[in-house]
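Hi,

Here is the structure I promised to pass on.

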Amino acid sequence: MQRLMRTATLAAGAVMLLPRASGADGPGEAKVGLPLDVSTEGHRIDALLHQTLVLVGLLFLGMLAWMAYALFRHRQGHSARFERGEGAAGKALPLGMAAFVFLVVDGNLFVKSSRDIDHVFWNFSAVESRPDALRIEVNARQWAWDFRYPGPDGRFDSPDDVITLNELKVPAGRPVVLQIGSTDVIHSFNLPNLRVKVDALPGSISRAWFQATRNGQFELACAQHCGTHHYKMRGLVTVLPEAEFQSWLAEAQAHSLRAFDELDESARWGWSWKDHRP
Amino acid sequence: MSEPYLHPGPTSFWFRYFFSTDHKVIARQFLWSGLSFLLLGGLLAMMIRWQWAYPGQRVPLLGLILGGDGAITPSSYTGLFTMHGLIMVFWAITPLLIGAIGNFCIPLLIGARDMAFPRLNMYSFWTFALSAALVVAAFFAELGPATAGWTTYPPLSTMVGAPSAGQTLMVAALFIVGASTIMGGINYIVTVIRFRAPGMTYMRMPLTVWGLWLTSILNVLFVPILGSAGLLLLLDRLAGTKFFIAGAMVGRAAGDPLLFQHLFWIFGHPEVYILILPAWGVIGDLLSFFARKPAYWYRGTVGAMAAVTIVSGLVYGHHMYVAGISPMLGLGFEILTLAISFPAVVLFVNWLHTVWQGSNRFAVPMLFALGTVFVFGIGGLTGLFLGTISTDVYLHDTIWVVGHFHLTMAAATFLGGLAAIYFWFPKMFGREMDPTLGKLHFWGTIVLLTAVFVAMHVAGYAGQSRRLYDPFQYGFLRHLAPLNRWTSFAAFALGAFQLPFMFNFIKSAFAGKKAGANPWQVGTLEWTHAPSPPPHYNYQAIPTVLRGPHEFSDPAILQALGKDWVGQAEELPSASEAKVAAGA
């Protein structure tokens, strides 16, 4: 009986959860799954989310089956079994289940997430060492995003910097490294389609990186409540083919000195790039 | 215990109902206040849900109090979710589970005549009342109520981002309610240590007392940290200090906004367990009482609750995974966070094992206890995604998080609190609640609570950020509008299903059927040794406790007494005593 129940639970879990998990990958068709992933590394997060959904779904169904069976079969007419569960045999089930969840579900999460965090998502020195890495500074403020590209001199925080408002243009196929700050309250730089999120804090510089895999326009959102118009703090990320990006950047750089306004204090939020290469 | 304790209760109206030092009266004061704030916080939630269903459209009925054309504006919206969160955590759940259930249960369940410090207990309530007055005042304050979110992160919560007088009042109210909580906590801790009846060893205490006691320890350890953060923030707002203000606008000699997050979450994560531990304790007892079985592996349950209490102070960093934490520190917090699943699973399996092979009676308190297990199960599982850095980076600040902490911290504590209210109501008021209305309330609540918060997980998984006035400004969220609307309909229905409870509660409190001393046929002291309601000093003679609280369906007891339960202090006929002792 118990084996039968376990099989049924597994089957039900697979039927309920897998369509949502796999349906999320197709663009457009997904109603409630993850948004389209256009980053080289986002699949790591998605895979871990999907695996954990299946595992906790099975645990949930197991709990439900256990409760349902006990509550339908062991009602008032059923005489209660006098057991305290204090013996070694009684403790085996709770301890065994706890060990199973800790080692299998938590273990899977910990091993994979620590690998991904250490080697990929927060491994900034490796990304910055790549010769093709593009560096951009981001300033968050109520309620807009400023982006700063180095001008022809290759240095940040100089009069020839290219500055854009709410528009982040990046090339496909190259790593983009961001240093992010804020000039007023805490914001959070959130690129759902690139699986990037990091807080923008006044007084310190946060970092993030991504590499886009396909051209197109994607949304940038503020994820941290930052005041009345938090919901309107929306930007756009435009992923361009390398050649198009280069021509845009060259044109913007040509205009950058002319656009520089010495009196505009609010435009001087930049900093010299904090280098983290070993 | 000597007799001088037994002087008569107060007879004047003011000292009987307002400035009483009787823990049972103070419990009722916390109960009525907590329920009132629950109603207020619930109405705010309805307005938030309306906004997500029909952004910017006039709110029916409740729109009148908003002024203007009755629609929610972006700025009033920030006030709504901030006040909803703060009110529910500090002025609804805390007074209900800790103030009301804690005050009523601790002395009665351990066989004491009152708290260790009855006058401090009264001060605790009136300090709470003062903070509650500030909360109400915040709604009428210049420039509106608090708007910085319940987490009150600076610099947004300083004058830089929230110049309203309401924000100042709420920070002050937090400090004061913290003082009230600490007074209560010290009182509960000392009462449990010093006032247990003879024979009431720690391992014979009902799990409810364990939960409340562990909660009090956490309160006394961690609420002062919230208090200090609140005080520094108040200085930043009023005295021009810059503890939490940094950045270009204030020059180089400035503080650190992250310092507040550390202080807030060192308190804030234990706070989750502060709220849920009393509910865990209550359902641990109720499942046993209504399954007519001993609580499965009682010592394991106690140990698991204590383990969670200890680890709860070591995991707060998972709230700051996207705030620029170092990878090593982040992974340390991750493994500690995931480790909490170990004692949590032990608790869970013990609960499920308690009803397994039971003789389950589905009285209203039992239904709510089972509902607590159910929603806490879902909420606990969805927390795993947030304890892990790489999955949290995607889900952080989405309404997955909101759904998760509402299942654990709101739904589970709410259902656990209701289980306790339905269960102890006859003892508290001497009257019975209507079980049919109770069942109606239960089924509507459990189905709709689950629907609302699971749907929020679904929307959060699709990327919907929390605290957005109009989430559908974003193209990638626009397809979630129908889901949000249906979730809101479920939330409105959930609100409507609280009406039978309100009616049932008020009507039964004043005109319900008179309750007997022990309507549930259980063996804890308050049911076996005190009438309903108990007199001013609870116990005429302090009972001597002989056994644990969960002695159900013991065959030897059944043979000796002809019933499936035995009181904690019930003497057995001498012939059968040896037999029971041998069997146990």
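Let me start with a helix pair across the two chains: α3 (residues 88–121) of chain A packs against α10 (residues 341–355) of chain B at an angle of about 140 degrees, the axes being 8 Å apart. (Axes are lines fitted to C-alpha atoms, for helices over the stretch in contact, and angles run from 0 to 180 degrees between N-to-C directions; helices are DSSP runs of H or I with at least four residues, strands are E runs of at least two, and both are numbered from the N terminus.) That makes α3(A) and α10(B) oblique to each other, since under 35 degrees counts as roughly parallel, over 145 as roughly antiparallel, 65 to 115 as roughly perpendicular and the rest as oblique.

Before I go on: this is a predicted model, where local features need pLDDT of at least 70 and side-chain atom pairs count only at pLDDT 80 or more, while totals for chains, interfaces and linings use all residues. Residues are numbered from 1 along each chain as its sequence is written, and chains are lettered from A and ligands numbered from 1 in the order in which they are written.

Back to the helices. Among the residues that meet there are L93(A), M97(A) and F102(A) on α3(A), and F342(B), V345(B) and H353(B) on α10(B); contact means C-beta atoms, placed from the backbone, within 7 Å. The residues of this contact split into eleven nonpolar, three polar and one charged (Ala, Val, Leu, Ile, Met, Phe, Trp, Tyr, Cys and Pro are nonpolar, Asp, Glu, Lys and Arg charged, the others, Gly among them, polar).

Zooming out, 81 residues of chain B touch 79 residues of chain A. On the chain B side, α10(B) gives the largest share, nine residues, and the classes come to 45 nonpolar, 26 polar and ten charged.

Chain A itself has five helices and ten strands. Five of the strands make an open sheet with mixed pairing, ordered β4-β10-β9-β6-β7 (strands pair if DSSP finds at least two bridges between them). At its edges sit β4 (167–171) and β7 (196–200) of chain A, each pairing on one side only, and the twist averages 20 degrees from one strand to the next. Helix α5 (residues 242–259) of chain A packs on this sheet, where α5 touches β4 and β10 (234–240) and runs at about 130 degrees to β4(A). Further along, β6 (residues 187–191) of chain A pairs antiparallel with β7(A) over five bridges, and H187(A) is opposite A200(A).

Cheers

Notes:
Contact = placed C-beta atoms within 7 Å.
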